[in-house]
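User: I would like to go through this model in short questions and answers. Please take the residues and helices one at a time.

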Amino acid sequence: QSFAAAIVKRMETELDSGNIRFLTEALEGLRAKLAPKDLQLVVAVIMKRIEAESDSSNLSSLGKALGSLSPKLEPIDVQPFATAIVKRMETESHSSDLARLGEALASLSAKLEPKDVQPFATAIVKRMETESKWNNLSRFAEALARLSAKLEVKDVQRFAAVVVKLM
């Protein structure tokens, strides 16, 4: 069993936020040496944890780890992870968690094609239209800003108009 596989196995069940941070930092340190099969396993476990995680410290560590691994991923591999993050953003109510999710999405967006980013931006704007908390609106706006480099000008203008209207 590889060192990365052992870390991932521990990560699957670890609850302590300090230990999760240490485990994700260890994975970040190993990223250059990860074999493709280990990389897929690591990312799958991180995404599984992100989808269900309720602790914002853990979410932060997991999102950071995913971001650090994203340069090693192929664009086709990134799409489902970005979709899962946006899906989580659609129901998340804590602004700090939204910030972490937005950071994770931004780290993945470099690997996405502009046509793939547009539906994510649309989903974020749709969620903004039903949000009443100022902190959350701010986090969604930050996430949109991070995606804007991959969007067409007409989409940026349309989304900006919605953001201005809401704020």
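User: Where does Ala35 lie?
Analyst: Helices here are DSSP runs of H or I with at least four residues, strands are runs of E with at least two, and both are numbered from the N terminus. By that assignment, the place of Ala35 is the loop between α2 (17-30) and α3.

User: Is Ala35 buried, partly exposed or exposed?
Analyst: Buried means under 20% relative accessible area, exposed means over 50%, and partly exposed is in between (1.4 Å probe, protein chains only). The C-alpha atoms of Ala35 and Pro71, 36 residues apart in sequence, are 14 Å apart in space. With a relative accessible area of 28%, Ala35 is partly exposed.

User: What kind of model is this, and how are residues numbered and side chains treated?
Analyst: Residues are numbered from 1 along each chain as its sequence is written, and side-chain values use heavy atoms, leaving out hydrogens and water. Local features need pLDDT of at least 70, side-chain atom pairs count only at pLDDT 80 or more, totals for chains, interfaces and linings use all residues, and the model is predicted.

User: How many helices and strands does the protein chain have?
Analyst: Along the sequence the pattern reads α-α-α-α-α-α-α-α-α. The secondary structure comes to 9 helices and 0 strands.

User: What is the radius of gyration of the protein chain, and what does the globule rule give?
Analyst: The radius is taken over C-alpha atoms, and the globule rule is 2.2 Å times the number of residues to the power 0.38. For 167 residues the rule gives 15 Å, and the chain is close to that, so it is as compact as a globular protein of that length. Along the principal axes, the C-alpha atoms fill a box of roughly 55 × 30 × 20 Å. The radius of gyration is 16 Å, against 15 Å from the rule.

User: What share of the contacts with a separation of 6 or more comes from residues 24 or more positions apart?
Analyst: Contact means heavy atoms within 4.5 Å. Of the contacts in the protein chain with a separation of 6 or more, residues 24 or more positions apart account for 69%.

User: Which helices and residues does Ser61 bring into view?
Analyst: Ser61 is found in helix α4 (residues 56-69). At 9% relative accessibility, Ser61 counts as buried. Leaving aside neighbours within four places in sequence, Ser61 is in contact with Ile20, Arg21 and Thr24.

User: Over the face of which residue does Arg21 lie?
Analyst: A charge sits over a ring if NZ of Lys or CZ of Arg is within 6 Å of the ring centre and within 35 degrees of the ring normal. Arg21 is 4.8 Å from the ring centre, and the residue is Phe22.

User: Which residues of the largest nonpolar core touch the most other members?
Analyst: A nonpolar core is a set of buried Ala, Val, Leu, Ile, Met, Phe, Trp, Tyr and Cys residues joined through side-chain atoms within 4.5 Å. Contacts of Ile50 beyond four places in sequence include Leu59, Leu62, Leu66, Ile85 and Leu101. The core has 50 residues, and those touching the most other members are Ile46, Ile50, Ile85, Met89, Leu105 and Ile124.

User: Which helices cover the buried residues of α5?
Analyst: α5 has 17 residues and reaches 25 Å from its first C-alpha to its last, close to the 24 Å expected; the expected span is 1.5 Å times one less than the number of residues. Its buried residues are Val78, Phe81, Ala82, Ala84, Ile85, Val86, Arg88 and Met89. The cover includes α3 (36-52), α4, α6, α7 and α8.

User: Which residues does Val78 touch?
Analyst: Val78 is in helix α5 and is buried, with a relative accessible area of 0%. Not counting residues up to four places away in sequence, Val78 touches Leu73, Leu108, Lys111 and Leu112.

User: Which residues does Gln79 touch?
Analyst: Gln79 also has its place in helix α5, but is partly exposed at 25% relative accessible area. Apart from residues up to four places away in sequence, Gln79 touches Leu112, Asp116 and Phe120.

User: Against which helices do the buried residues of α7 pack?
Analyst: The 15 residues of α7 (residues 114-128) should span 21 Å, and the end C-alpha atoms are 21 Å apart, which agrees. Among the buried residues of α7 are Asp116, Val117, Phe120 and Ile124. They pack against α5 (75-91), α6 (95-109), α8 (134-147) and α9 (153-166).
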